[in-house]
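Try each task yourself before you read its solution.

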Number of protein chains: 2
Amino acid sequence: MAYHPDFYEQTKIKIPKAGESTATDSGTMAKTGAEQLELHGDTWRVCNFVDKKDIIKIDSATMKQKVQIRDCKGVGIQIESKVNSVIIDNCDNLRLCVNSLISGAEFVNCRKIKFQVKGTCHSIAIDKCSGVDLYVSKESKDVEVTTSKSGEMNLNFPKTDEEDGDWAEVPIPEQFHHNIKNGVLHTRVSELYSC
Amino acid sequence: MAYHPDFYEQTKIKIPKAGESTATDSGTMAKTGAEQLELHGDTWRVCNFVDKKDIIKIDSATMKQKVQIRDCKGVGIQIESKVNSVIIDNCDNLRLCVNSLISGAEFVNCRKIKFQVKGTCHSIAIDKCSGVDLYVSKESKDVEVTTSKSGEMNLNFPKTDEEDGDWAEVPIPEQFHHNIKNGVLHTRVSELYSC
């Protein structure tokens, strides 16, 4: 699948080998801690990267491994192999592109996220986030997106099965109406989202 | 209608007359500004009250007037007359009891709110809040509650028309599932809330 226009290739920052100790030496330090890109047990940790021009590429992760991205701001991250899952916590202005996920992706406490799946992904969970643009492949069109306490979210998907065809963008509802009928609470999506 | 058990009577702090200038002199100052309980145009402003044992009572407001409650923390407020609407902005740990509202109530950026309507209220809007317990009278059982980016909300209503009867409490959904079917996004309430 082609990259969505919002994603673009850049040179890679570093590819640590699995098990390699990797405190990176590339410049900027996040206020909250040192840059970290390393494998702990079965989890790749990508932490504290701030305002990087180069895309951070992870290409040696395996299907049994997870990727945890935390406290990153103004960076692009690319996971080139199929991994179990990704969790993204407290990130701002992040572009994340994954190959395929066996389980799914989880976003918590994030703002301004662009997330593309090139292959398969079954579920995306979004909690306490604002500004999340999702781009799913035709293989992942049936992805289940779960949201809570979040807003300004959009789901983008290819309109047809053609490579390089047009994309559709739909807003994910963030406003809901509730009222009691016969003693039971009924909930519906706000008419803001009616077509 | 009787007060809900979570609400209780206490002595009143002050009842300013309409138009009276009222910077209150009663103790604690909020960090963000001086306590304010006064009428500006058609809006009663109740601002910057922090940790008050006494309930703040507003009993001279009219149906054409609004009440704006802002930056209050750890206080109880009672509006004894019928007013047009209330807006509650950036409050923590607030108990608010109103007689009746012509329009409705709006909560923005609040945490730990208890809100009771003794008479009528058509709509309650909750935006970017967490922990909102609503108690509506039998006259307001058909209230429309609109929520966005909020969580930990409950709607309490009398089970029967009897005075002093039991109350029902239902959680207001905060988690939703979305997926694409035939190119259109469908949204449903999380099964967390199925009975």
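## Exercise 1: Sizing up the interface

In this predicted model, 30 residues of chain A are in contact with 30 residues of chain B.

**Solution.** 

## Exercise 2: Polar links and the strands behind them

**Task.** Count the salt bridges and polar contacts between the chains, then find which element of chain A gives the most residues to the side that touches chain B.

**Solution.** 
- Begin with charge: there are four salt bridges between chain A and chain B. One pairs K149(A) with E174(B), with the closest N and O atoms 3.4 Å apart.
- Now turn to the elements. Those giving two or more residues to this side of chain A are β12 (144–148), β13 (151–158), β14 (167–172), β15 (175–181) and β16 (184–189). Of these, β15(A) gives the most, with six residues.
- Finish with the make-up of that side of chain A: 12 nonpolar, 11 polar and seven charged residues.

## Exercise 3: Strand pairing between chains

**Task.** Describe how β15(A) pairs with chain B, and decide whether I180(A) and T146(A) are buried or exposed.

**Solution.** 
- β15(A) is joined by four bridges to strand β12 (residues 144–148) of chain B, and the two run antiparallel. Within this pairing, H177(A) has T146(B) as its bridge partner.
- I180(A) also lies in strand β15 of chain A. Its relative accessibility is 11%, so I180(A) counts as buried. Leaving out residues up to four places away in sequence, I180(A) touches L185(A), K141(B), L155(B) and F157(B).
- For the other residue, go to strand β12 of chain A, where T146(A) sits. T146(A) counts as buried because its relative accessibility is 16%, where the cut-off is under 20%.
- The side chains of T146(A) and H177(B) are joined by a polar contact of 2.8 Å. Beyond four places in sequence, the residues that T146(A) touches include I124(A), Q175(B) and F176(B).

## Exercise 4: Inside chain A

**Task.** Say how many helices and strands chain A has, then explain why strand β2 (residues 43–47) of chain A is described as largely enclosed.

**Solution.** 
- Chain A has zero helices and 16 strands, and 50% of its 195 residues count as buried.
- In β2(A), four of the five residues are buried, so the strand is largely enclosed by the rest of the structure.
- Now check its partners. Strand β1 (residues 36–40) of chain A is joined to β2(A) by five bridges and runs antiparallel to it, with H40(A) opposite T43(A). Two residues lie between the strands of this hairpin, where G41(A) takes a positive phi near 60°.
- Strand β4 (residues 66–70) of chain A is also joined to β2(A) by five bridges, but this pair runs parallel. Here W44(A) stands opposite V67(A).

Methods:
Residues are numbered from 1 along each chain as its sequence is written. Chains are lettered from A and ligands numbered from 1 in the order in which they are written. This is a predicted model: local features need pLDDT of at least 70, side-chain atom pairs count only at pLDDT 80 or more; totals for chains, interfaces and linings use all residues. Side-chain values use heavy atoms; hydrogens and water are left out. Contact means heavy atoms within 4.5 Å. A salt bridge is a side-chain nitrogen of Lys or Arg within 4 Å of a carboxyl oxygen of Asp or Glu. A polar contact is a pair of N or O atoms within 3.5 Å; within protein, one must be able to donate a hydrogen and the other to accept it, and residues adjacent in sequence count only if both atoms are side-chain atoms. Ala, Val, Leu, Ile, Met, Phe, Trp, Tyr, Cys and Pro count as nonpolar, Asp, Glu, Lys and Arg as charged, and the others, Gly among them, as polar. Two strands pair if DSSP finds at least two bridges between them. Buried means under 20% relative accessible area, exposed over 50%, partly exposed in between (1.4 Å probe, protein chains only).
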